[in-house]
Amino acid sequence: MKKCYINGTGCVSAQKTVDTAFLEEIVINDTHNVLELALPNYKDFISPVAARRMAKGVKNGIVASAKAIQEAGVQYFDAIITGTGMGCSVDSEKFLKALLDNNEEFLTPTSFIQSTHNTVGAQIALGLQCKAYNFTYVNGAVSFESALIDAKMQLEDEDAHTVLVGGIEESAENTLEFLKMSGAIKATSDVPYKVLGSDTPGVVFSEGATFFVLADTQQETTYAQLTDVAIYNLLEPDEVAAKLKAFLKNNNLTVNDLDAVVLGFNGDVNYDSYYTTLANTLFNTTPQVYYKHLSGEFNTASAFGLWVASNVIKLQHIPQAIKVNNLDRPQYKNILLYNQYRGQDHSFTLISKC
Amino acid sequence: MEALKQELKEKIINILNLEDITPEDVNDNDPLFGDGLGLDSIDALELIVMLDKDYGIKLADPKEGKAIFQSIETMAAYISEKRTK
Amino acid sequence: MSKGVAITGMGIISAIGNTVQENYNALIQGKTGITPIENIATVHKVTVGEIKQTNQQLAESLGLPADNNYSRTAMLGVIAVKQAVEDAGITNINEYATGLISATSVGGMDMTERFFYDYFESDENHRYIHAHDAGDMSQKMAEHLGLKGMVTTISTACSSAANAIMLGARLIKSGRLDRVIVGGTDALSKFTINGFKTLMIFSDTYNTPFDNDRKGLNLGEAAAYLVLESDAVVKAQNKKVLAYVSGYGNANDAFHQTASSENGDGAYLAMQKAFKVSGLEPADIDYINAHGTATPNNDLSEGRALIRAFGNTVPDFSSTKPFTGHTLAAAAAIEAVYSVLALQNNIVYPNLNFKTPMEEFAIVPQTVLKEKEINHVLSNSFGFGGNCSTLLFSKS
């Protein structure tokens with residue numbers, strides 16, 4: 001079976017991640033319950049004619065994918081696969097508002113056309129003139145991991161050589177309001193917000209786009225090998241450890257072989273016990289990493305997590321700002337990521353040093 | 001007629017989000033689609049709605065738009081003849 | 001050589017029937033499901049392929065409590081997926097490594113559009129906020145089945161369900177799963193009705209695929225699911241195989257956000273890939289269930305792609321959209337069920353409402369019910385964003 005390597009990455013996030021070295025300039029914000037993106041200069045990546053209809057999610061996806069493509073030096077893809085839990089929320093809301101406000105009259109098509117979940121993948125294909133396989137996964141917090149599983153299958157079993165994979169999420173005005181009403185986003189009265197040791201429900205929300213070039217051959221820019229990915233719709237807190245051990249066993253590993261774990265802590269007191277339980281038992285001697293205090297929570301935040309983990313392997317170093325505990329390892333060879341959202345959509349992702 | 005043409009240029013730039021273009025950049029006889037401003041079929045549908053909303057002109061068939069939207073000149077001529085508001 | 005991935009169960013609810021049998025009866029009787037809209041309050045006079053049950057009736061049939069937070073899309077999905085699993089004779093869903101791959105495009109939009117401003121006024125309907133996500137329907141379907149495992153959702157506009165079926169088949173072929181339930185669900189919504197209206201590809205009466213004077217599509221709503229199982233499971237449980245998924249292909253037209261290219265590049269490539277996967281030749285295909293939405297652009301592009309793929313001998317083809325309307329993300333799933341029924345019953349369905357051949361080419365659809373030996377069916381589905389998918393089904 002062929003292997004799957006991460007050969008390029010690109011990331012647009014609440015941190016300056018487009019034109020800086022890995023997490024060299026970070027901002028920790030504990031007063032906003034929705035984190036704003038550090039916006040790239042779109043004109044460097046997209047012509048004004050092409051950009052004029054694009055919502056921010058599409059633009060961010062194009063920038064992040066362009067960075068990944070540039071780094072990997074690839075021209076042709078056998079597949080473009082995206083994940084997005086909420087899809088193109090901005091254009092969906094725009095069309096829906098126009099529809100409701102004008103009582104179904106005088107509607108124009110542009111926002112409807114761009115409201116479908118596969119808009120980002122389609123626009124990237126259009127830009128690259130890539131007629132290859134093009135899929136979009138839309139399953140909450142495993143949207144991105146579903147795309148990864150598909151990509152791995154293509155590379156390992158189905159003759160693909162290079163695949164572009166990404167996770168994109170954009171927040172829209174009313175959707176954010178709804179998530180505040182539902183309690184998914186932390187209340188303003190709960191400020192200051194923290195991700196570790198939080199005692200309040202809900203999360204600090206955000207958006208972002210993270211892309212990866214995956215390939216079946218290793219090259220100079222290779223970050224790591226994407227060894228395995230698994231998703232589960234539901235796991236009870238007491239089932240996670242056993243599932244995790246089985247997942248590692250499938251890869252001929254045990255917990256002791258892990259040099260770091262990247263946990264999806266998001267500061268929701270009702271669900272972070274999924275992570276703390278593992279952190280205090282199975283992983284109590286393993287270096288632990290968290291990242292959602294930097295990226296915020298959103299359906300494809302775990303793609304930011306994979307970007308972090310890939311950089312840790314490449315640089316063989318865990319920056320202080322993302323450490324949960326103070327453990328270090330002389331070498332970072334195997335890193336496991338574990339993520340879930342509100343007790344659903346669990347994922348394990350394993351990457352290894354080449 | 002000149003006022004209508006100016007109005008149309010401003011509207012098109014605004015509705016179609018044509019950043020970096022000013023009304024002065026658009027000549028009355030420049031083709032709007034293809035090589036000229038580079039508009040496409042989605043823009044045509046936006047313009048059809050504008051005809052309806054702002055001038056009270058309803059087009060039943062999107063194909064009719066092709067002749068009308070050739071240039072600012074043809075649009076202005078059509079609108080001034082058919083407008084109901 | 002393996003014939004493909006076995007289909008061992010099917011479930012469907014559409015405008016032409018609440019079961020597989022009802023759908024089949026309507027197809028062979030030429031009975032359309034396109035009628036004036038009843039369940040959605042819209043200012044437009046539209047004819048659609050609507051399931052004539054209210055949300056309350058659907059909820060009751062599923063035994064849901066009054067304060068449930070199921071979107072219509074989710075309810076349709078649950079109804080179809082339960083039928084499919086029952087049809088496959090599955091009693092212990094987690095006995096094998098089982099997945100659910102669903103497809104939807106509107107997700108919970110039918111509720112969001114209803115409560116978009118109401119959410120600000122009162123918290124009465126806030127329970128629907130989380131029902132908007134596409135993934136929410138899949139979670140609910142999995143919950144009804146008691147399924148714990150790989151659950152994911154695909155949304156590539158109108159080709160979504162074809163891609164769900166494709167992924168399911170690949171997961172079985174690669175040995176990652178033993179059993180996968182695949183399909184799609186989409187309910188009608190004001191959002192999609194108005195959306196297609198703005199594109200001016202909406203028929204106010206009855207859609208007429210491949211007709212020279214076609215005006216556009218009728219929307220529809222439906223859900224359909226198929227159970228795919230590995231050869232090992234089929235053997236171990238001595239399962240009856242309804243048909244096989246023998247080929248699949250997805251390609252991107254990379255031409256335009258919504259329109260298909262003049263020559264149907266994406267469609268042609270998708271068909272080529274499906275042939276390659278299956279090892280079948282164009283000459284092996286006995287019936288094509290076309291995407292055939294009856295929009296001017298689709299039928300021209302698809303027709304040209306068919307001629308490119310099949311040359312001068314395009315097999316019998318028809319679009320079943322005049323029966324059901326275009327059911328968006330569910331379309332490929334209901335048409336997969338129809339393809340299997342065509343194989344089982346040796347039937348080519350009529351392309352209703354066709355009168356005048358298109359001036360651009362000589363091929364015309366099959367317009368009356370035709371009985372003949374059918375061994376392989378090709379089914380096309382294309383979506384916004386240039387997303388083109390082809391599935392091949394073969395007799396068991």
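Predicted model: local features only at pLDDT ≥ 70, side-chain atom pairs only at ≥ 80, totals over all residues.
Local features were considered at pLDDT of at least 70 and side-chain atom pairs only at pLDDT 80 or more, whereas totals for chains, interfaces and linings use all residues. Residues are numbered from 1 along each chain as its sequence is written, while chains are lettered from A in the order in which they are written.

Chain A is assigned domain 1 (5-215) and domain 2 (227-352); such bounds come from an automatic or database domain assignment. The C-alpha centres of domain 1 and domain 2 of chain A are separated by 21 Å. In the contact between these domains of chain A, 46 residues of domain 1 meet 36 residues of domain 2, two residues being in contact if their C-beta atoms, placed from the backbone, lie within 7 Å. On the side of domain 1 of chain A that touches domain 2 of chain A, two or more residues come from each of strand E1 (5-12), helix H6 (143-157), strand E4 (162-169) and strand E5 (208-215) of chain A. Helices (H or I, at least four residues) and strands (E, at least two) are DSSP runs, numbered from the N terminus. H6(A) gives the most to this side, with seven residues. The side comprises 22 nonpolar, 18 polar and six charged residues, where Ala, Val, Leu, Ile, Met, Phe, Trp, Tyr, Cys and Pro count as nonpolar, Asp, Glu, Lys and Arg as charged, and the others, Gly among them, as polar.

The largest nonpolar core has 268 residues. A nonpolar core is a set of buried Ala, Val, Leu, Ile, Met, Phe, Trp, Tyr and Cys residues joined through C-beta atoms within 7 Å; a residue is buried if 20 or more other C-beta atoms lie within 10 Å of its own, exposed if 12 or fewer, and partly exposed in between, with C-beta atoms placed from the backbone. Among the residues with the most contacts inside this core are A:Leu214, C:Ile7 and C:Leu228. Helix H13 (residues 331-345) of chain C gives the most to the core, with eleven residues. Leaving aside neighbours within four places in sequence, the contacts of C:Leu228 include C:Val5, C:Ile7, C:Ile172 and C:Val245.

The contact between chain B and chain A takes twelve residues from chain B and nine residues from chain A. On the side of chain B that touches chain A, five residues are nonpolar, two polar and five charged. Within chain B, helix H4 (residues 72-82) has B:Ile72, B:Met75, B:Ala76 and B:Ile79 buried. The buried residues of H4(B) fall within an arc of 95° seen down the helix axis, so they line one face of the helix; the arc is that of the directions from the helix axis to the C-beta atoms. Their cover includes helix H1 (2-15), helix H2 (41-55) and helix H3 (65-68) of chain B.

Several backbone features were also identified. Most residues other than glycine have a negative phi, and most peptide bonds are trans. The peptide bond from A:Val191 to A:Pro192 is cis, with omega near 0°. In chain C, C:Met200 has a positive phi of about 55° and counts as buried, with 21 C-beta neighbours inside 10 Å. C:Asn238 likewise has a positive phi, near 50°, but is exposed, with 6 other C-beta atoms within 10 Å.
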